[in-house]
Amino acid sequence: MLLTDKIALITGAARGIGKQIALAYAREGANIAFTDLALTEEAQATCDEIAALGVKVQFYASNAADFEEAHKVVEKVVADFGRLDILVNNAGITRDTLLMRMTEQQWDQVIQVNLKSAFNFTHAVTPVMMRQRTGSIISLSSIVGINGNAGQANYAASKAGIIALTKSAAKELGSRNIRVNAIAPGFIVTDMTKKLGEETLKSFVSMIPMRRGGEPEEVAKVALFLASELSSYVSGQVIQVNGAMA
Ligand code: NAI
């Protein structure tokens with residue numbers, strides 16, 4: 001077991017990649033705190049699946065983009081679990097459109113949910129992990145945060161920001177034995193990408209050397225590596241999980 005008795009907090013984990021990360025951690029013995037916007041049936045089902053693995057699990061309804069709420073969640077997690085070893089900044093949205101059609105609201109929403117949320121939670125866990133002198137912070141970036149993408153200027157900017165936040169935090173927190181890394185997935189089959197439609201999906205897959213989209217479980221395996229002692233000297237890195245998509 002790679003994460004026995006560790007406490008992990010994962011944002012936006014009711015479904016998709018976040019859910020698979022939560023399950024992968026729980027299978028390795030971690031107790032799980034996770035957030036999403038509301039306790040939906042989906043979130044409850046995730047809770048039940050994690051609990052069935054025999055670890056402690058607690059759901060917190062919270063908007064990750066809200067600074068105060070993020071701090072309250074972290075306070076509650078520490079009160080409920082006693083400590084916090086792993087943070088995964090996973091909550092994210094898309095509001096895709098070409099730049100010239102993009103509204104101010106579409107820009108602001110994506111930056112706040114994708115980038116500010118990662119700041120909010122990183123800021124909130126930092127004093128806790130500094131006191132513990134250990135911690136692993138992992139944030140979900142994206143291949144488009146590295147390459148850019150037409151129709152996703154807001155999303156790409158938010159994901160590039162995640163990389164800069166990650167590298168800066170790794171430099172600030174390294175002396176306290178806190179590691180900070182990012183994962184940049186390529187095209188992963190989740191609700192977020194399913195809404196692109198059959199034709200767009202096909203054209204994406206044709207650009208991937210491995211000729212398929214990735215599964216959320218395949219991102220979760222990298223998140224497990226980064227959370228565990230297997231990556232004890234890995235910090236400030238961006239690991240791409242993209243089937244060789246350039
Ligand atoms: P998803 O849409 O399936 O799941 C995202 C989850 O975040 C949902 O449960 C949603 O309710 C939650 N969420 C949204 N806004 C929130 C907020 N303000 N506060 C709390 N929770 C919120 O998406 P998916 O595909 O699982 O993506 C997870 C992360 O991975 C995101 O950050 C996404 O940008 C990133 N990613 C996904 C890729 C893909 O191909 N699916 C590729 C690259 C990165």
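Modeller: Ala, Val, Leu, Ile, Met, Phe, Trp, Tyr, Cys and Pro count as nonpolar, Asp, Glu, Lys and Arg as charged, and the others, Gly among them, as polar. The model is a predicted one.

Biologist: How do the residues of the shell around the ligand divide into nonpolar, polar and charged?

Modeller: The ligand is surrounded by 27 residues. Sorted by the classes given above, the residues of this shell are twelve nonpolar, eleven polar and four charged.

Biologist: Which residues are the closest to the ligand?

Modeller: Two of the distances can be given. From an oxygen atom of the ligand, a polar side-chain atom of Arg-15 lies 2.7 Å away, and an N or O atom in the side chain of Thr-190 is 2.5 Å away. Both residues are on the list of the closest, which reads Arg-15, Asp-36, Asn-90, Tyr-155 and Thr-190.

Biologist: At what distance from an oxygen atom of the ligand does a backbone N or O atom of Ile-17 lie?

Modeller: The cut-off for a polar contact is 3.5 Å between N or O atoms. For Ile-17 the atom on the protein side belongs to the backbone, and its distance to the ligand oxygen is 2.8 Å.

Biologist: How much of the ligand does the protein bury?

Modeller: Taken alone, the ligand exposes 830 Å². Of that area, the share buried by the protein is 94%.

Biologist: Which element gives the most to the shell around the ligand?

Modeller: Elements giving two or more residues to the shell are α1 (16-27), α6 and α7 (191-194). With three residues, the one that gives the most is α7.

Biologist: Helix α6 also holds Lys-167. Is Lys-167 buried, partly exposed or exposed?

Modeller: Helix α6 covers residues 153-173. Buried means under 20% relative accessible area and exposed means over 50%. Lys-167 has 41% relative accessibility and therefore counts as partly exposed.

Biologist: Which residues does Lys-167 touch, not counting those up to four places away in sequence?

Modeller: Lys-167 and Gln-237 are 70 residues apart along the chain, with their C-alpha atoms separated by 7.0 Å. With residues up to four places away in sequence left out, Lys-167 touches Gly-236 and Val-238.

Biologist: Is Ser-139 buried or exposed?

Modeller: Ser-139 is in strand β5, residues 135-140. Leaving out residues up to four places away in sequence, Ser-139 touches Asn-89, Ala-118, Ile-162, Thr-166, Asn-181, Ala-182 and Ile-183. Its relative accessibility is 2%, and Ser-139 therefore counts as buried.

Biologist: What kind of aromatic pair do Phe-34 and Phe-59 form?

Modeller: A search of the whole structure finds three aromatic pairs. In this one the ring centres are 5.1 Å apart and the planes are at 65°. Planes over 60 degrees apart count as edge-to-face, so the pair of Phe-34 and Phe-59 is edge-to-face.

Biologist: Which strands does this pair tie together?

Modeller: Phe-34 is buried at 0% relative accessibility, and Phe-59 is buried with a relative accessible area of 11%. The two are 25 residues apart in sequence, so the pair ties together parts in strands β2 and β3.

Biologist: What kind of aromatic pair do Phe-67 and Phe-119 form?

Modeller: Phe-67 lies in helix α3 and Phe-119 in helix α4, 52 residues apart. Phe-67 is partly exposed, with a relative accessible area of 27%, and Phe-119 is partly exposed at 39%. The centres are 5.9 Å apart, and with 20° between the planes the pair is stacked.

Notes. Residues are numbered from 1 along each chain as its sequence is written. This is a predicted model: local features need pLDDT of at least 70, side-chain atom pairs count only at pLDDT 80 or more; totals for chains, interfaces and linings use all residues. Side-chain values use heavy atoms; hydrogens and water are left out. Helices (H or I, at least four residues) and strands (E, at least two) are DSSP runs, numbered from the N terminus. Buried means under 20% relative accessible area, exposed over 50%, partly exposed in between (1.4 Å probe, protein chains only). Contact means heavy atoms within 4.5 Å. A residue is near a molecule or strand if one of its heavy atoms lies within 4 Å of it. A polar contact is a pair of N or O atoms within 3.5 Å; within protein, one must be able to donate a hydrogen and the other to accept it, and residues adjacent in sequence count only if both atoms are side-chain atoms. Accessible areas come from the Shrake-Rupley method with a 1.4 Å probe; for residues, only the protein chains shown count as cover. Rings of Phe, Tyr and Trp (its six-membered ring) pair if their centres lie within 6.5 Å; planes under 30 degrees apart count as stacked, over 60 as edge-to-face and the rest as tilted.
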